Amino acid sequence: MNMNATILGQTIAFILFVWFCMKFVWPPIMAAIESRQKEIAEGLSSAERAKKDLALAQNNATEQLKEAKLQSAQIVEQANKRKAQIIEDATREAQAEREKILAQAQSEIEAERNRVKEELRKQVATLALAGAEKILERHIDAAANSDIVEKVVAEL
């Protein structure tokens, strides 16, 4: 019976140990395990949210980049149009200035031509009178015969 008593004592001690563990040790261990499971679940959930946020941020960045490229293309296009307009305006102004300068030069040339013609007419009239004096062998008074000189100049 000693052996039975020892086995019985050990069995009771084991039962008491199991009861003690289930009553006092097991609940804090289970609470710690459940707490750790919640933390891991929240961490995984946060990681998933962060992953989704990252994907959304990447999509937004891609959209903004596309929009920025489109805007830059529009700005370049507007700048090219403005450049073409400025060149066209400058060309038009330069052409107008060229025509103005040519017209002014043409006018000056025409005035000089008329002045030279008039001077040549006077010289021809003077030469004609000098020739007539020699032919007639007498002196013609240019002041007295100014109407004749004017007629000769007008005819030339």
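User: Let's start with one residue. Why does Arg-36 count as partly exposed?

Analyst: Compare its relative accessible area with the cut-offs: buried is under 20%, exposed is over 50%, and partly exposed lies in between. Arg-36 has a relative accessible area of 48%, so it is partly exposed. Keep in mind that this is a predicted model.

User: What share of the chain is buried?

Analyst: Buried residues make up 3% of the 156 residues in the protein chain.

User: Where does UniProt place the transmembrane region?

Analyst: The unreviewed UniProt entry puts that feature at residues 6-26. In the model, this stretch is 100% helix and 0% strand, with its end C-alpha atoms 27 Å apart.

User: Which residues make the nonpolar surface patch?

Analyst: Leu-8, Ile-12, Leu-16, Trp-19, Phe-20, Phe-24, Val-25, Ile-29 and Ile-33 make a patch of about 860 Å². To join such a patch, a residue needs over 30% relative accessible area. You can check that for a few members: Ile-33 is at 38%, Phe-20 at 43% and Phe-24 at 47%.

User: How do I read a pair of aromatic rings?

Analyst: You describe the pair by the distance of the centres and the angle of the planes. Here there are two aromatic pairs. In one, the rings of Trp-19 and Phe-24 have centres 6.3 Å apart and planes at 90 degrees, so that pair is edge-to-face. In the other, Phe-20 and Phe-24 sit 5.1 Å centre to centre with 45 degrees between the planes, which is tilted.

User: How far apart along helix H1 are Phe-20 and Phe-24?

Analyst: They are four residues apart, so about one helical turn separates them.

User: Which residue does Glu-112 pair with?

Analyst: Glu-112 forms a salt bridge with Arg-115, and the closest N and O atoms are 2.4 Å apart. They are three residues apart in helix H1, so about one helical turn lies between them. Glu-112 is partly exposed at 38%, and Arg-115 is partly exposed at 43%.

User: What N to O distance goes with the bridge of Arg-121 and Glu-118?

Analyst: That one is 3.9 Å, and a salt bridge has to be within 4 Å. Arg-121 and Glu-118 are three residues apart in helix H1, about one turn of the helix. Arg-121 is partly exposed at 29%, as is Glu-118 at 33%.

User: Which residues do shared partners join into one network?

Analyst: Glu-88, Asp-89 and Arg-92, through salt bridges that share partners.

Methods: Residues are numbered from 1 along each chain as its sequence is written. This is a predicted model: local features need pLDDT of at least 70, side-chain atom pairs count only at pLDDT 80 or more; totals for chains, interfaces and linings use all residues. Side-chain values use heavy atoms; hydrogens and water are left out. UniProt positions are given in the numbering used here, feature names are shortened, and annotations may be inferred rather than shown by experiment. Helices (H or I, at least four residues) and strands (E, at least two) are DSSP runs, numbered from the N terminus. Patches are made of residues with over 30% relative accessible area and no salt bridge: like charges are joined within 9 Å, nonpolar side chains (Val, Leu, Ile, Met, Phe, Trp, Tyr) within 5 Å. Accessible areas come from the Shrake-Rupley method with a 1.4 Å probe; for residues, only the protein chains shown count as cover. A salt bridge is a side-chain nitrogen of Lys or Arg within 4 Å of a carboxyl oxygen of Asp or Glu. Buried means under 20% relative accessible area, exposed over 50%, partly exposed in between (1.4 Å probe, protein chains only). Rings of Phe, Tyr and Trp (its six-membered ring) pair if their centres lie within 6.5 Å; planes under 30 degrees apart count as stacked, over 60 as edge-to-face and the rest as tilted.
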